[in-house]
Amino acid sequence: MSVPASAVTPPLTDDLDIVIPTIRNLDFLEQWRPFFQPYHLIIVQDGDPTKTIRVPDGFDYELYNRNDINRILGPRSSCISFKDSACRCFGFLVSKKKYIFTIDDDCFVSLEDLQFFSNREECLST
């Protein structure tokens, strides 16, 4: 007699933030959705703070730009450099989680990873 597999709970959901520095819309997150959706994202916008950054629906996130950093850090805001993705350091600073994972906005999931994840989910749901 087979026993149905229970849903797999993603690890560390209460202990991990994902920090993403960006200058562009975050459409790349659609590929990462199976991996990142259970986690809280801290997005730090580099460049022009008046530009609107689009984040796909369904993600739990905070979005900060240079204006936010200046407001929060005041005269110490100059310690967060911009135009070199080091703005991610602000995400490290505001995270309240035990662990932080960071990824650039131009990193994509390999087809092998997506296939593995799809097969794993199918096996677990049967």
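Student: Before we dig in, what should I know about the model and its numbering?

Tutor: It's a predicted model, so local features need pLDDT of at least 70 and side-chain atom pairs count only at pLDDT 80 or more, while totals for chains, interfaces and linings use all residues. Residues are numbered from 1 along each chain as its sequence is written, and side-chain values use heavy atoms, with hydrogens and water left out.

Student: How many helices and strands does the protein chain have?

Tutor: Helices (H or I, at least four residues) and strands (E, at least two) are DSSP runs, numbered from the N terminus. Here you get four helices and four strands, and along the sequence they read β-α-β-β-α-α-β-α.

Student: In what order do the strands sit in the sheet?

Tutor: Two strands pair if DSSP finds at least two bridges between them. The four strands form an open sheet with parallel pairing, in the order β3-β2-β1-β4. β3 (60–64) and β4 are at the edges with a single partner strand each, so one side of each has no neighbour in the sheet. On average, neighbouring strands are turned by 25° against each other, direction ignored; the axes behind that angle are lines fitted to C-alpha atoms, for helices over the stretch in contact, and angles run from 0 to 180 degrees between N-to-C directions.

Student: How many bridges join β1 to β4?

Tutor: Four, and the two strands run parallel. β1 also pairs with β2 in the parallel sense, over six bridges. Take Val19 as a landmark: Val19 stands opposite Thr102 in β4 and opposite Ile42 in β2.

Student: Is β1 mostly covered or uncovered?

Tutor: "Buried" means under 20% relative accessible area, "exposed" over 50%, and "partly exposed" in between (1.4 Å probe, protein chains only). For β1, seven of its seven residues are buried, so the strand is mostly covered. As a general idea, in a regular strand the side chains alternate between the two faces of the sheet. In this strand, Leu16, Ile18, Ile20 and Thr22 point one way and Asp17, Val19 and Pro21 the other. Across the protein chain, buried residues make up 35% of the 126 residues.

Student: Which residues touch the most other members of the largest nonpolar core?

Tutor: A nonpolar core is a set of buried Ala, Val, Leu, Ile, Met, Phe, Trp, Tyr and Cys residues joined through side-chain atoms within 4.5 Å. The largest one has 16 residues, and Ile18, Ile20, Leu26, Leu29, Phe36 and Leu41 touch the most other members. β1 (16–22), α1 (29–36) and β2 (40–45) are the elements giving two or more residues to this core. Another core lies apart from it, with 11 residues, among them Val19, Tyr64, Leu73 and Val94.

Student: What does Ile20 touch?

Tutor: Contact means heavy atoms within 4.5 Å. Leaving aside residues up to four places away in sequence, the partners of Ile20 include Leu26, Leu29, Leu41, Val44 and Ile103.

Student: Which residues of α1 are buried?

Tutor: Here's the general idea: an α-helix has 3.6 residues a turn, so residues three or four places apart point the same way. In α1, the buried ones are Leu29, Trp32, Arg33 and Phe36. They cover an arc of only 145° around the axis, which puts them on the same side of α1; the arc is that of the directions from the helix axis to the C-beta atoms. These buried residues pack against β1, β2 and β4 (99–102).

Student: And which residues are buried in α2?

Tutor: Arg66, Asp68, Ile69 and Leu73. Down the axis of α2 they fall within an arc of 155°, so they line one face of the helix. Their cover includes β2, β3 and α3 (88–94). Asn67 also lies in α2 (residues 66–73), but Asn67 is partly exposed, with a relative accessible area of 45%.

Student: How many disulfides are there?

Tutor: A disulfide is a covalent bond between the sulfur atoms of two cysteines. The rule used is a pair of cysteine sulfur atoms within 2.5 Å, and by it the count is zero. For Cys79, the closest cysteine sulfur is in Cys89, 8.5 Å away, which is too far for a bond. Cys89 is in no disulfide either, with the nearest cysteine sulfur, that of Cys87, 8.2 Å away. Cys79 counts as exposed at 60% relative accessibility, whereas Cys89 is partly exposed at 37%.
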